[in-house]
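Please look over the sequence and the structure below before reading on. The report that follows takes up a few places one after another, each under its own heading.

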Amino acid sequence: MNQCNASLSTAEESKFSDSILILDFGSQFTQLIARRVRECGVYCEIWPYNASLEKIKSFAPNGIILSGSPASVLDANAPKLKKEVFDLEIPFLGICYGQQIMCQMFGGKVESHHHREFGSAEIKIEQESKFFPESWKDGTTHEVWMSHGDRVVAIPSDFKTLAASEGAPFAVIWNEKRRFYAVQFHPEVVHTPDGAVLLRNFALNISGCTGKWSMEVFRDAEIKRIQDKVGENARVICGLSGGVDSAVAAKLIYEAIGDRLTCIFVDTGLLREGEAENVTRLFRDDFHIPLIHCQAEKRFLSALEGGRDPETKRKTIGKLFIDIFEEEAKKIGDVDFLAQGTLYPDVIESVSLVGGNEVTIKSHHNVGGLPERMNLRLLEPLRDLFKDEVRLLGRELGLSDAYVGRHPFPGPGLAIRIPGNVTSEKLSLLRKVDVIFLEEIRKAGLYNKIWQAFSVLLPVKTVGVMGDARTYDQACALRAVTSSDGMTARIYPFEISFLERVAGRIINEVRGINRVTYDITSKPPGTIEWE
Ligand code: XMP
């Protein structure tokens, strides 16, 4: 582990009075399990399946969930759980691979099935249970979502069957004495309509969590933690980007340490219309947080001059941003901490199974090298939260719905929405197009249904007619996608009449644009941004 990763390891003691621990075997749905558990007011963390027993004991979870996995328990090198973990005398819930490993380790039998069961299935209840929703009475059938190749064909002698399906005779099993539950299907996905209730019942009824974790509880605990970490005299700087995460982090830290926080807003000149003014008005005028607004548009434009290659443009912007941030920080004088809006998905140590066997642990982080370079300690007050939780926390801290509900905006800003070289004229043209597109989206009540909507200025001139005159102006593209995390995305299916209206307004109101296209590429194969 490098130095950066070492600092990412999850705190060993549970930060709240009760919690669930998820041991991850590499399933693509592991984060969904965590989100469902947190939605019931229970704090939970995701750790790799091979976390040490000592560490688990000091975290002291009320219950443990074993995730699914792309691996097969039948493979010699498959990830295994240490048997001692099962002796913690707390409830366990095994999901898919988690069920199979539980069965295999306690004397049941898992077989490779001749065909993979994927999609909806019906399970029939054989015995009622406090794990089940009220409506799951004896003999009733319920829809669940399966995705498995192997299946359990014999359960350990001290387990009983609670529900069965055609493809999975042991769809739900339990061991009453040890409070172990295991399911073949995936309760964490929306295609299992009652899945969230099952996870809630496991966390509350079975593991005894109180369900009282909320953003209010989080805010109070985190403020205390920031105060303890920063101490009575140290000073903190925080870069504001105009986005939600840095704004929420800054407001939280300000509540903890007041004026010992200084925010630095490096205005790259690559932001959207009115954005820089919004940031300064909100932070300096409304919240009274000390703020340095560094206007650096000229420096960014001159560094970008003539550059056309997307990666070079990104690197140029990133490097200059760090240079300027560092210059501004030095002017403040003695600073001890650098605050960042890092989120939980960036720090989870995820398990990755390559080729079915090889196990690697990877940590993601988007620090960008600043803390090491500036020799500052890191303060990451949002590192335990998912994006939707950051939005809730922002509301708790008094940020408006409009601010916390904003679409994501990339660090390199409009520069990566202007393929080719970036000039101040092009930026100004793009801003005008973007304002119209977003205005129409809001007017149609679609803003919150869309993950991200923006415009791209194309490096192409096309011929048109306006009135009686021929035009030869630039073309632009509109892009709007739905997504849950930005990793995959689908285009937003606007009505054609909506797109026609937007195109009409853009061409009539923005001099210099005479053609509008709509980007209909999903991700993959496209990325959301154009560069
Ligand atoms: P792509 O274009 O990779 O984008 O499909 C996925 C999400 O990430 C955002 N994005 C960035 N965010 N710095 C950021 O802070 C960046 O350099 C960057 N590049 C892309 C993008 O807007 C989308 O939400």
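## A side chain that reaches a backbone oxygen

In this predicted model, the side chain of Asn201 reaches the backbone oxygen of Phe132 at a distance of 3.2 Å. Asn201 belongs to helix H5, which covers residues 195-206, and with a relative accessibility of 9% Asn201 counts as buried, because the cut-off for a buried residue is under 20% relative accessible area.

The neighbour of E2 described here is strand E1, residues 19-24, which runs parallel to E2 and is joined to it by 6 bridges.

Strand E11 is another element that is largely enclosed by the rest of the structure, since 7 of its 7 residues are buried. Both faces of E11 are covered, with Leu261, Cys263, Phe265 and Asp267 buried on one side and Thr262, Ile264 and Val266 buried on the other. Strand E10, residues 236-240, runs parallel to E11 and is joined to it by 5 bridges, and Gly239 has Ile264 of E11 as its bridge partner. On the way from E10 to E11 the chain crosses through helix H7, residues 244-257, in a right-handed β-α-β crossover.

E11, which comprises residues 261-267, is also joined by 5 bridges to strand E12, residues 291-295, and these two strands run parallel. Within this pairing, Phe265 has His293 of E12 as its bridge partner, and Val266 is partnered in E12 by Cys294. Together with helix H8, residues 275-286, the strands E11 and E12 make a right-handed β-α-β unit.

## The surroundings of the ligand

Which residues are found around the ligand? They are Arg314, Pro408, Pro410, Gly411, Pro412, Trp451, Gln452, Gly486, Lys523, Thr527, Ile528 and Glu529, and this shell divides into 5 nonpolar, 4 polar and 3 charged residues.

A nitrogen atom of the ligand lies 3.2 Å from a polar backbone atom of Gly411, and an oxygen atom of the ligand lies 2.7 Å from a polar backbone atom of Ile528. An oxygen atom of the ligand is also 2.6 Å from an N or O atom in the side chain of Glu529. Taken alone the ligand exposes 490 Å², and the protein buries 67% of that area.

Lys523, one of the residues around the ligand, is joined to Pro524 by a cis peptide bond with an omega of about -15 degrees. The peptide bond from Pro524 to Pro525 is cis too, with omega near 10 degrees. Pro524 lies in the segment after strand E20, which covers residues 513-518, and Pro525 has its place in the segment after E20 as well.

## Residues in loops

Ala60 has a positive phi of about 50 degrees although it is not a glycine, and its place is in the loop between helix H3 (53-59) and strand E3 (63-66). Ala60 is partly exposed, with a relative accessible area of 48%. Arg179 likewise has a positive phi, near 60 degrees, in a residue other than glycine. Arg179 is found in the loop between strand E8 (172-175) and strand E9 (180-183), where it is partly exposed with a relative accessible area of 35%.

Although Ala415 and Thr268 are 147 residues apart in sequence, their C-alpha atoms are 9.9 Å apart in space.

Note on methods
Residues are numbered from 1 along each chain as its sequence is written. This is a predicted model: local features need pLDDT of at least 70, side-chain atom pairs count only at pLDDT 80 or more; totals for chains, interfaces and linings use all residues. Side-chain values use heavy atoms; hydrogens and water are left out. Two strands pair if DSSP finds at least two bridges between them. Helices (H or I, at least four residues) and strands (E, at least two) are DSSP runs, numbered from the N terminus. A residue is near a molecule or strand if one of its heavy atoms lies within 4 Å of it. A polar contact is a pair of N or O atoms within 3.5 Å; within protein, one must be able to donate a hydrogen and the other to accept it, and residues adjacent in sequence count only if both atoms are side-chain atoms. Accessible areas come from the Shrake-Rupley method with a 1.4 Å probe; for residues, only the protein chains shown count as cover. Ala, Val, Leu, Ile, Met, Phe, Trp, Tyr, Cys and Pro count as nonpolar, Asp, Glu, Lys and Arg as charged, and the others, Gly among them, as polar. Buried means under 20% relative accessible area, exposed over 50%, partly exposed in between (1.4 Å probe, protein chains only). A crossover is right-handed if, with the strands pointing away from the viewer, the path from the first strand over the helix to the second runs clockwise.
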